Amino acid sequence: LSSQADASGSSWQSCSWIISGVAPSVSFNMISTESNYDFIRVDESNDADFTSGVTQLASFSGSASGQQYQSTKRYLRIHFTSDGSVTGSGFVATWDASWSTTGDEPPGCSPCKAD
């Protein structure tokens, strides 16, 4: 996953990625956003639409690396928002999810859905 500013200085972003599977996880390799204005939020839910039973695992802004989050639920959502002023590099993350053999669909990661 990544949300890196393009050469034109992409701003006003609102984008979500949903990882599905058994114990989905995400590791942030690099985060560089405008502190207190651009945010990354990590949520978990058993509801694919994230309309009920949502638990926030993390919310951060600024520079960091090495953050890792694993869900105890079926879905993990990474939501990135940015304002229209200063742009950072964005973030780079890797994800993982197991798959049970009980008829569940394979794990996956949805493409960015603009909100």
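Reader: Let's start with Arg-41. Buried, exposed or partly exposed?

Author: Arg-41 counts as partly exposed, because its relative accessibility is 34%. Buried means under 20% relative accessible area, exposed means over 50%, and partly exposed is in between, with a 1.4 Å probe and protein chains only. A caution first: this is a predicted model, where local features need pLDDT of at least 70 and side-chain atom pairs count only at pLDDT 80 or more, while totals for chains, interfaces and linings use all residues. Residues are numbered from 1 along each chain as its sequence is written, and side-chain values use heavy atoms, with hydrogens and water left out.

Reader: Which residue does Arg-41 form a salt bridge with?

Author: Asp-43. The closest N and O atoms of the two are 2.7 Å apart. A salt bridge here is a side-chain nitrogen of Lys or Arg within 4 Å of a carboxyl oxygen of Asp or Glu.

Reader: And why does Asp-43 count as buried?

Author: Because its relative accessible area is 1%.

Reader: What other salt bridge does Asp-43 form?

Author: One with Arg-77, where the closest N and O atoms are 2.9 Å apart. That pair links distant parts of the chain: Asp-43 is in strand β3 and Arg-77 in strand β7, 34 residues apart. Strands are DSSP runs (E, at least two residues), and helices are runs of H or I with at least four; both are numbered from the N terminus.

Reader: Is Arg-77 buried or exposed?

Author: Buried, because its relative accessibility is 19%.

Reader: What else is Arg-77 in contact with?

Author: Leave aside neighbours within four places in sequence. Then the contacts of Arg-77 include Ser-16, Trp-17, Ile-18, Phe-50 and Val-54. Contact means heavy atoms within 4.5 Å. Arg-77 itself is found in β7, residues 75-81.

Reader: New topic. How many helices and strands does the chain have?

Author: There are 0 helices and 10 strands. Of its 115 residues, 38% count as buried. Among contacts with a separation of 6 or more, 79% come from residues 24 or more positions apart.

Reader: What does β2 pair with?

Author: β8, for one, in the antiparallel sense over 8 bridges. Two strands pair if DSSP finds at least two bridges between them. Within that pairing, Ser-32 stands opposite Gly-90 in β8.

Reader: Which other strands are joined to β2?

Author: Among them is β6 (residues 68-70), antiparallel, through 3 bridges. There, Gln-70 is the bridge partner of Ser-25. Another is β5 (residues 63-64), also antiparallel, through 2 bridges. Ser-32 stands opposite Ser-63 in β5.

Reader: Now the rings. How many aromatic pairs?

Author: The structure holds 6. Rings of Phe, Tyr and Trp (its six-membered ring) pair if their centres lie within 6.5 Å; planes under 30 degrees apart count as stacked, over 60 as edge-to-face and the rest as tilted. Take Phe-28 and Phe-91: their ring centres are 5.7 Å apart and their planes stand at 65 degrees, so this pair is edge-to-face. Phe-28 lies in β2 (residues 22-32) and Phe-91 in β8 (residues 90-98), so the pair ties together parts that are 63 residues apart in sequence.

Reader: Are those two buried or exposed?

Author: Phe-28 and Phe-91 are buried. They also belong to one aromatic cluster with Trp-17, Phe-60, Tyr-69 and Phe-80.

Reader: How many residues does the largest nonpolar core have?

Author: 17. A nonpolar core is a set of buried Ala, Val, Leu, Ile, Met, Phe, Trp, Tyr and Cys residues joined through side-chain atoms within 4.5 Å. Those with the most contacts inside this one include Val-26, Phe-28, Ile-40 and Phe-91. β1 (14-20), β2, β3 (39-45), β4 (55-60), β7 and β8 each supply at least two of its residues.

Reader: Last one. Where does Ser-85 lie?

Author: In the loop between β7 and β8. Ser-85 is partly exposed, because its relative accessible area is 44%. Its C-alpha atom is 8.8 Å from that of Tyr-37, 48 residues apart along the chain.
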